[in-house]
Amino acid sequence: MTENTTLLSLNVWHGKCFPDLMDYIEDCAANTDIFCFQEMLSTISGQHRLDNIWRLNLFSELSEVLPNFIGLFAPARDWYGITSYGEEYHFSVGLATFIRASMRVTHSGDIFVFRNRIHYDTGYDGSKNKSAPRNLQYVITRDHEGTQTLIANFHGIWNGKGKTDTPERIAQSRAIVRFLNQARTNSDGIMTRKILCGDFNLMPKTRSIQMIEETGLTNLITSFNIQETRGRLSPFYGKPDYQKFADYAFVSKDVRVRSFVVPDSGISDHLPMIFEFS
């Protein structure tokens, strides 16, 4: 029988809540097999801060507290020529998946579902985040019984105008659906189970979300009656236009979900989604 696996998905908010975030992830590591992170940063330069808030080497810092995991970084855009600290440096932004080293990974990579990877060489300009390219990171595992599982980590388009449908978001969902439909079987003809999770920047009743549900995947936010995925640290918390949803987890029917929780842990402006499955 397939063993239980625990997955945690979280938008890490570029590490803005760094001490609490690191403590939380380190505490979760003993009982978590897969971490899917959005808004991940990485740099090999000497400068490790942006505006004294963003942790530019967050991927490396998380790797240090997750020594029993394999870390995979999938950048969507890169920034160069930044000299605001008196020295030139760069950093990359994207997705990261950490998977327990004892798990067998047969494939990993990413695909772009909106635009392509961009290299900016004129310094950091936050306004460009509204048109930033979006990729979907994936890992395929295979257990000792031959069961193959696709885990897809995603961060959807943000346009600064809410979380409603746009032509770009519809096209984004269409690309995700196409990718999921292609991942059907492994080389032995065994069906591939599917898990899709992350920060979609979408409200629940949008057509963009419905397109993914129509593939036959179960929306765990709906099936577990989750009331919100944004927490008290959200800049919009409590305001009239506060949108309570952004993050989702979807699983194929052959994934047996034993538990699914979305605790307000105070480590990001998004809440972690934690689920155990077999």
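1. Basis. The model is predicted; local features need pLDDT of at least 70, side-chain atom pairs count only at pLDDT 80 or more, and totals for chains, interfaces and linings use all residues. Residues are numbered from 1 along each chain as its sequence is written, and side-chain values use heavy atoms, with hydrogens and water left out.

2. Helix H2. Helices (H or I, at least four residues) and strands (E, at least two) are DSSP runs, numbered from the N terminus. H2 spans residues 58-65, and its buried residues are Leu58, Phe59, Glu61, Leu62 and Val65 (buried is under 20% relative accessible area, exposed over 50%, partly exposed in between, with a 1.4 Å probe and protein chains only). Down the axis of H2 they fall within an arc of 165 degrees, so they line one face of the helix; the arc is that of the directions from the helix axis to the C-beta atoms. They pack against helix H1 (18-28) and strands E2 (34-42), E4 (54-55), E5 (69-82) and E6 (89-100).

3. Cores. A nonpolar core is a set of buried Ala, Val, Leu, Ile, Met, Phe, Trp, Tyr and Cys residues joined through side-chain atoms within 4.5 Å. The largest has 42 residues; Phe200 and Leu136 are among those with the most contacts inside it. Helix H3 (residues 167-182) gives the most to this core, five residues. Apart from it lies another core, of 23 residues, including Phe35 and Ile267.

4. Salt bridges. The structure holds six (a side-chain nitrogen of Lys or Arg within 4 Å of a carboxyl oxygen of Asp or Glu). Glu61 and Arg55 form one at 2.5 Å, N to O. Both Glu61 and Arg55 are buried. Asp78 and Arg117 form another, at 2.9 Å. That pair links distant parts of the chain, strand E5 and the loop between E7 (105-114) and E8 (118-120), 39 residues apart. Asp78 is buried at 0% relative accessible area; Arg117 is partly exposed at 39%.

5. Arg230 bridges to Asp269, with the closest N and O atoms 3.1 Å apart. Arg230 counts as buried at 6% relative accessibility, and Asp269 does at 7%. Gly231 sits in the loop between helix H5 (220-223) and strand E13 (247-251). Gly231 is buried, at 1% relative accessible area. Not counting residues up to four places away in sequence, Gly231 touches Tyr237, Tyr242, Asp264, Asp269 and Leu271 (contact means heavy atoms within 4.5 Å).
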